[in-house]
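Here is a brief report on one protein model.

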Amino acid sequence: MSELSHVDREGRARMVDVSAKAETTRVAVAAGELHTTAEVIRLVRADDMPKADVLSTARIAGINGAKKTSELIPLCHQLALSSVNVSFGFTDTAITIEATAKTKGQTGVEMEALTAVAIAGLTLHDMVKAVDPAATMNGVRLVTKEGGKHGHWVRPEAERAAAPHAGHRHEHGSHESAATATAAHAGRSATVVVASTGTAAGTRVDTTGPALAEWLAAQGFSVRGPLVFADADIASGLAEALSTEPNLVITTGGTGASPTDATPEATLALLDRELPGVADAVRQRGTAKFPLAALSRGVAGLAGRTVIVNLPGSPGGVKDGIAVLTPLLDHLLAQVAGGGNHD
């Protein structure tokens, strides 16, 4: 029977002794949402709140919260954090929060990631309460964690999302059963990264990242993101995407000839091997309908066991990418994992 790790046999609270555990790289991702009004969302995106610089303040607060977790939660161990990243997104009536904490040690960083989300959310609440005192902080939750004896863990509802997709394939005459498809896709993870200075600043609404996330979820992936970064920060965005070692990273934006477009260069710096045929196929599909698609400099390749694919930052370019990747992904990821060769 399972037991509470922080309570001894006499029922007294205790700090767990982790001295016998192996040191491994530990990564945790947590998320939450501040539900508010459409007016607050508009003001925050326009950086026009009475307390200015809302997101930057909340981001710093979240990072500080992660660093002080052992002071706030009495039985947590003090950890030497390698990195903490806090990012935000928007719906019509919510600010979404995602935090990633990373360390190398003998215990996990789940509480640090969760604390970062909670503190960032409370700071957002403080910043918007003059406009919406009824705002609510909801859904603080662990999304994924890596490291330790249990290895990779994904929130159960994310894994269950693969099941409807598997059944859908079966209904359309596939020889693969629903159970087999679900098993084949279980545990697959993907991260979506958006390179857009305007979206990062809140002056532009991006549709490409959410479209990719929705498509990947339908393919049975547990999806992280979209993570939004300014063009100048895309190298940091890719490093953050790779920090959880997903099976797949798809970027959108920053692939053109503008002086600020730097996604291909940042990606090439990380790749161990290129997959030029994938990038060429995306360009060829786009060029057949829109000649300017030939200007995209997107690349694709492998960073360790993670597949990275750059797509253009337009809805049409993303549609072309999805059309090219849909029939390739299963076989490509099987090859990367050490199987799937039929030579």
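## E33 in its strand

Strand β1 holds E33; helices (H or I, at least four residues) and strands (E, at least two) are DSSP runs, numbered from the N terminus. The model is predicted: local features need pLDDT of at least 70, side-chain atom pairs count only at pLDDT 80 or more, and totals for chains, interfaces and linings use all residues. Residues are numbered from 1 along each chain as its sequence is written, and side-chain values use heavy atoms, leaving out hydrogens and water.

E33 has a relative accessible area of 17%, so it is buried (under 20%; exposed is over 50%, partly exposed in between; 1.4 Å probe, protein chains only). Its side chain makes a polar contact with the side chain of R141 at 2.8 Å (a pair of N or O atoms within 3.5 Å; within protein, one must be able to donate a hydrogen and the other to accept it, and residues adjacent in sequence count only if both atoms are side-chain atoms). Not counting residues up to four places away in sequence, E33 touches I95, T96, T136, M137, N138, G139 and R141 (contact means heavy atoms within 4.5 Å).

## Nonpolar cores

The largest nonpolar core has 28 residues (buried Ala, Val, Leu, Ile, Met, Phe, Trp, Tyr and Cys joined through side-chain atoms within 4.5 Å). V44, V86, F88, I95, I97 and L124 touch the most other members. The largest share of this core, eight residues, comes from α4. Another core, of 24 residues, lies apart from it and includes V278 and L311.

## L328

L328 sits in the loop between α13 (315-325) and α14 (329-336). Its relative accessibility is 36%, so L328 counts as partly exposed.

## Confidence

Mean pLDDT (the predictor's confidence in each residue, from 0 to 100) is 81 for the protein chain. Over residues 158-186 the pLDDT is below 50. Where pLDDT is low, the predicted coordinates should not be read in detail.
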